[in-house]
Amino acid sequence: MSKILVVDDEVKACTLLKRFLEAKGHEAVTAGNGIEALEKLKTCPVDIIITDILMPEMDGFQLCRECKTNDKLSQIPFIFYTATYISKKDEEFALNLGAEKFIVKPLDLDKLLKILETTINEPVSAAPVAPKISIKEDEGYLAGYSKRLVTKLEKKVLDLEKEIKIRKKMEEYVIKAQKLESLSTFAGGIAHDFNNFLSIILYNVTFAKSCTNPTEEIFGYLSYIEKASTEAKDLTRQLGSFSRCGVPVKEKISISALISELSKLVLSDSAVSCEFHISDDIWLIDADKGQMTQVISNLIINAKQAMPEGGIIRVRAENINVTAEDYLPLNEGKHVKVIIEDQGTGIPDENLQKIFDPCFTTKQEGSGLGLAISYSIIKKHDGHISVESETGVGATFTIYLPASLEQTEKTISV
Ligand SMILES: Nc1ncnc2c1ncn2[C@@H]1O[C@H](COP(=O)(O)OP(=O)(O)O)[C@@H](O)[C@H]1O
Ligand SMILES: [Mg+2]
């Protein structure tokens, strides 16, 4: 049985290793940082020290330095067990301090135990740092130590900056989704009541028209009311797409076939053409065909309107396996990614954040509902839509939709 000092600021890791060592017949003492470890060593002699490096107050490097320059402690075998300082340079620095071993976490516990047991029985390496250290060596140590620390800090800062950026983006996604959620409830409620009023107006105006003669002046006025009411009804139908009744009725569809079909329809008689780059094995998706038709039509119509002089819309589709590392507001797993890219006017930076907002439009005759509805539909399908654009170069819309779990279906419904 040996007495082992385990030093780690992570209580869970420390306790786990302690329990494991005790189960294997050893005695284990724990400490949360270098200072605590030195304190324990004053009253409790141990056969070996195993320590983490990155710890508050006194880290593993400093602890090793204290031990290896102390007459009473220098003969205790010293092992670094680290998950943060893992480069070759870190290892070199650690071994130069006089440590016997340098192990990168995580390691199978049985293997770790073997290393501990063999190291205890090996003679302690001649510590390269003499107990009575010269000022020059001390300077060398400090320079090396700061270099290791600065490298680590720089990396940590970069990691944190990346993390902050990702979090900000995620927050934006959440805020946008919440905003649209409340607007959708509001719009859905209004659309329902409004539709009822419009139905009454339309019914009565049509009836009034039938009571007049087309040659009478009033017939023309009534026709205007009828036309405006019909258009208003269409608008409320679009607003209704936000509401809860728009729960998707899903079936298995091929998004690529749907796009090719719709592009033909939307772009017939236009100077805009569509180019497809779609892999043959593209997965099917579970989607509401009507709603997905709205999304794709909106995107193609917008692209077409952005290229009044004509141009090419490039459609790419590929299968992708979304993982947590993609930092997308999506569940992990198989998705179909569709990219619709045009060469139109593009979207100025100041508008990029607004284009999915209901009623945001830069067009004279626009309703500003197309993208808001598309966003809401894609969200209801557990997907995600985003945009990138450069003014004068074009706009690129990217959609992710979860792939259907069953891909074996022979009949592809479009
Ligand atoms: N492909 C595109 N190229 C340039 N601008 C676009 C594109 N798609 C959308 N937009 C911008 O986003 C706004 C909102 O689009 P949308 O919601 O479809 O409403 P609408 O087409 O009725 O204006 C448009 O008015 C336009 O300014
Ligand atoms: Mg539109």
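With 20 C-beta neighbours inside 10 Å, Leu222 counts as buried, because the threshold for a buried residue is 20 or more. The model described here is predicted. Leu222 belongs to helix H7, which covers residues 217-240. Once neighbours within four places in sequence are set aside, the contacts of Leu222 are Val205, Ala208, Lys209 and Thr212.

In soluble globular proteins, nonpolar side chains tend to be buried together. The largest nonpolar core in this model comprises 43 residues, and Ile255, Ile285, Ile296 and Val336 have the most contacts inside it. Among the elements that give two or more residues to this core are helix H8 (255-267), helix H9 (289-306), strand S9 (311-322) and strand S10 (333-341). Helix H9 supplies the largest share, seven residues. Ile255 is in contact with Ile285, Met292, Ala317, Val336, Val338 and Leu401, leaving aside its neighbours within four places in sequence.

The strands can be followed next. An open sheet is formed by five strands in the order S7-S9-S10-S12-S11, with mixed pairing. Its edges are S7 and strand S11 (384-390), each of which pairs on one side only. From one strand to the next, the twist averages 20°. The pairing of S7 with S9 is parallel and extends over seven bridges; Val272 has Gly311 in S9 as its bridge partner.

Technical notes: Residues numbered from 1 in each chain as written. Chains lettered and ligands numbered in written order. Predicted model: local features only at pLDDT ≥ 70, side-chain atom pairs only at ≥ 80, totals over all residues. Helix = DSSP H or I, 4+ residues; strand = E, 2+ residues; numbered from the N terminus. Buried ≥ 20, exposed ≤ 12 C-beta atoms within 10 Å, placed from the backbone. Contact = placed C-beta atoms within 7 Å. Core = buried A, V, L, I, M, F, W, Y, C linked by C-beta atoms within 7 Å. Pairing = 2+ DSSP bridges. Axes fitted to C-alpha atoms, helices over the stretch in contact; angles between N-to-C directions.
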